[in-house]
Amino acid sequence: MSEARLVATDVHVKIGDTPILHGASMSVHAGELLAVVGPNGAGKSTLSRAVSGLQAMEQGDVRWGGTPLGELKGRKIARLRAFVPQRAPVPAGVTVREAVELGRSPHIKAFQRPTRHDHDAVDQAMERTNTYEFADRRLTTLSGGELQRVQIAVGLAQEAPVLIADEPTSHLDLGATAIVARLLRRLADDGLSVILVVHDLALAAAIADTVVVMAAGKTAATGKPAEVLTPERLSDVWRVDAELDDAGALRVNWLGR
Amino acid sequence: MGPMNRLVVAVFLALLLFAAPAQAAPRVAALTPFSASTITRLGVRPVVVGQTLGGTDQYLASLKGVPVLTLTHPLGPNMEQLATYNPSIVLSSKTWQRGSAPMRRLGMKVYESDPTSVAAVGRETRAIGKLLGRTRAANSLATKIENDVRAAQQGIKRRLRVLLILGVGRTPYAMLANSWGGDVVAKAGGQLLTNGLTAPSGIVRISDEIVVQRNPDIIIAVPHGNPGAISKLAKYYASNPNWRNTKAVKNKRVYVATGNQLLQPYPGVAATIRSVRAKFLKNY
Amino acid sequence: MVVTATVALLAAATASMILGAVHVPFSDIWQSLTGQAEEGPLRQIVVELRLPRTVSAIVVGAALGVAGALLQGALANPLASPDVIGVTGGAGFGAMLTLLVWPSAIALLPVGALVFGVTAAGIVFLIGWSGAHAGAIGRVILAGIAITALFSAATTSLMVAYSDRVQSAIFWIAGGLSSDGWSSLSVVWPYFSVGFVMAIFLARPLDRLALGDDVAASLGGRPRLVRLAAAAAAALLASSAAAIAGLLGFLGLVIPHLVRLAGGTASHRFVIPASALTGAALLVAADTLARVVLAPIELPVGPLMVVLGVPLFLWLLREAV
């Protein structure tokens, strides 16, 4: 496998006085779709924010392409990773195209006009996310699924090799979830590294190359879905009776009977 | 002693008894310097007076020892404090209009006395006299004031153009003919730059352009200030660049009025007129 | 939209130069401005009264428009105006302190308004940008409300304590431009300049805030720093404006909305300059009216501006559905 684009080791995070993470690690390579899973409160989102530089760490080593995160400020880190937040505000009076254009800002210096390449990157990001057809609509008029794809388009316009998406499907219906899932898989197949923070194990098992299981602020396991999501671990971490079947789909004994 | 004598004595005593309450001075709270001075001159000593503007002006010497009430917006005096002096009559002013209803509820008779012209001083004096049952004394006092005012206006030689402003920065908030100060200056022989203008408040902001165009001979600023800062203020006004070319500045006739005599009415208006003529207008 | 605003501003400025309490023939105005006129009252009226006043109105109007645009962008709150970060409360207190307590130091009034406006905003920032949720919108707005309440209470106390001098205070609160030549402007222009320059640099970073702090941070921005800088620039502009023209809060609140509604976009690269133009145009127009309607009496420009601006605003609000 190629050299890892991101290596995070032993990440510790405190928010206020509350320890959230104490010993979380992950790494991601080109073309890899990495799903960070775990129960609510396990620290999935915090880990994704910490490696992105959005959340200060107490200790730990995060390197992007070998460079420590601490040396990557502003535009530099923005060119290495794009972060798509869980729930972004929907500002009034902003069109889809304007929003996606914001994704180019790490590449445009102050008072510079966007170049042809910038325009192309915006168009391409909208095409890849199937948002081009409503490029001139306002964000406030979009459905949840459409909005989420626009958020991903903003990240894609950034043209960073790693895309981190924090629970992009948690508010979407089944159909919209499937569209986003296929989109993320396709992006990884095209060579992008995708880190997907998700609580939907079935989704993670179905599309991820690698799964990182978080439990109580630590990475409990990392590996291929079938290796990691064993019935024992599902029982330990989530306290459910469940297993992956031969096709890789998650079967859950919902009623425990 | 004969029965006739007894009767005379009895009638006399009865008269004394009945007359005494009528003769005894009513308990009056005088909230303005005007009403305090006026009733004092009518022989009624107020039970309490209101503080003067800025608290700096002196009342008549004879009012020394009379308790002073602090006045604040919007009611004027504190009603509880006022009630402790148990006045039967309150001589208030339009400024404290909102306090009138609560005072009336406390059983006080309220009269808002606020002359805004020199002519109103006599009128108001008579009205206050009537209220206090001192009609005759008030009539003669009013007549005396009116005669004094007439005398103070004798021999006005020139009518110079005057800009009279409220001393709030250099912006010309002009005191108009229908303000107290404006009327006093007019009576003292000044020709107000604002000419025919009137406004409900008597004070209005006017255009600097008009000041430049009408070119006042004299500028008088009436500040809310301490007497100590007068010379500093005078320099500040005199150096207003907009007034640079006025005759007032060129002839060094920019004045700052001390005291409150141009801000609010006093019975001694004749003296104020004389002083305005002597100090500012110099039109003898 | 920008063209309309520019035309409106030019028209208003022209009217402001031509109209006034004193009729000055157009040829005299032209000669005065080109330096050909002889020394005299007409030249003085044009060059020393109307010109500085028109320029002041342009600068103050632009500053308030930009301050509102910056704050509404930074706090992602359409109700934000210079009131929200304590500027209005502080500047009002500073002015009252001079007017009521030290009337003999009246010359220092603009300085008092400026210093206390910036101080109040400074306290708000200090509270807003400390603690666990430093720089979070809710925290900043709450701090602003508390500090504004504090300064308003202090102002009211002053007005009660010096109630005999309140009359002079009321004139200032109503807001209005004075014709004191270049003197106020010459004191506060550095603060205006810093505020305007900051606004120019903040337009793009503010756009990035539109999609939330996380997206802004993802794009390499520093949302909390941007918010602080935008609020600081707005505080400078609004305090300087208050120093010259009293409390004209309405402009800062409404102009950016007007611009967004009319322009159909919320991009700060459009909203900030367009707010500057529109704010300037509205204030110059209102000030000209204030000087002309009852000439030679001058009306307070604050209420007049509201009378002009509100119908325009309501009409746009209706059109925008």
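**View 1. Salt bridge between A:Asp190 and A:Arg128 in a predicted model.** The side chains of A:Asp190 and A:Arg128 come together in a salt bridge, with 3.6 Å from N to O; the term stands for a side-chain nitrogen of Lys or Arg within 4 Å of a carboxyl oxygen of Asp or Glu. Between domain 1 of chain A and domain 2 of chain A the count is one salt bridge. The model is predicted, so that local features need pLDDT of at least 70 and side-chain atom pairs count only at pLDDT 80 or more, whereas totals for chains, interfaces and linings use all residues. Residues are numbered from 1 along each chain as its sequence is written, chains are lettered from A in the order in which they are written, and side-chain values use heavy atoms, with hydrogens and water left out.

**View 2. The two domains of chain A and the area between them.** The contact (heavy atoms within 4.5 Å) takes 15 residues from domain 1 of chain A and 17 residues from domain 2 of chain A. About 1,200 Å² is buried between these domains, 63% of it given by carbon and sulfur atoms; buried area is the accessible area (1.4 Å probe) that two parts lose on being put together, summed over both. Of the area that domain 1 of chain A buries against domain 2 of chain A, 35% is supplied by A:Arg75, A:Arg79 and A:Leu183, more than by any other three residues.

View 3. Five salt bridges are found across the interface of chain C and chain B, and B:Glu209 forms a salt bridge with C:Arg50, their closest N and O atoms being 2.7 Å apart. Helix α3 (41–74) and helix α7 (166–174) of chain C each supply at least two residues of the side of chain C that touches chain B, helices being DSSP runs (H or I, at least four residues) numbered from the N terminus. The largest share of that side, seven residues, comes from α3(C).

**View 4. Buried area between chain C and chain B.** The contact takes 34 residues from chain C and 33 residues from chain B, and the two chains bury about 3,100 Å² between them, 58% of it on carbon and sulfur atoms. In chain C, the residues that lose the most area to chain B are C:Ser104, C:Phe171 and C:Pro296, together 18% of what that side buries.
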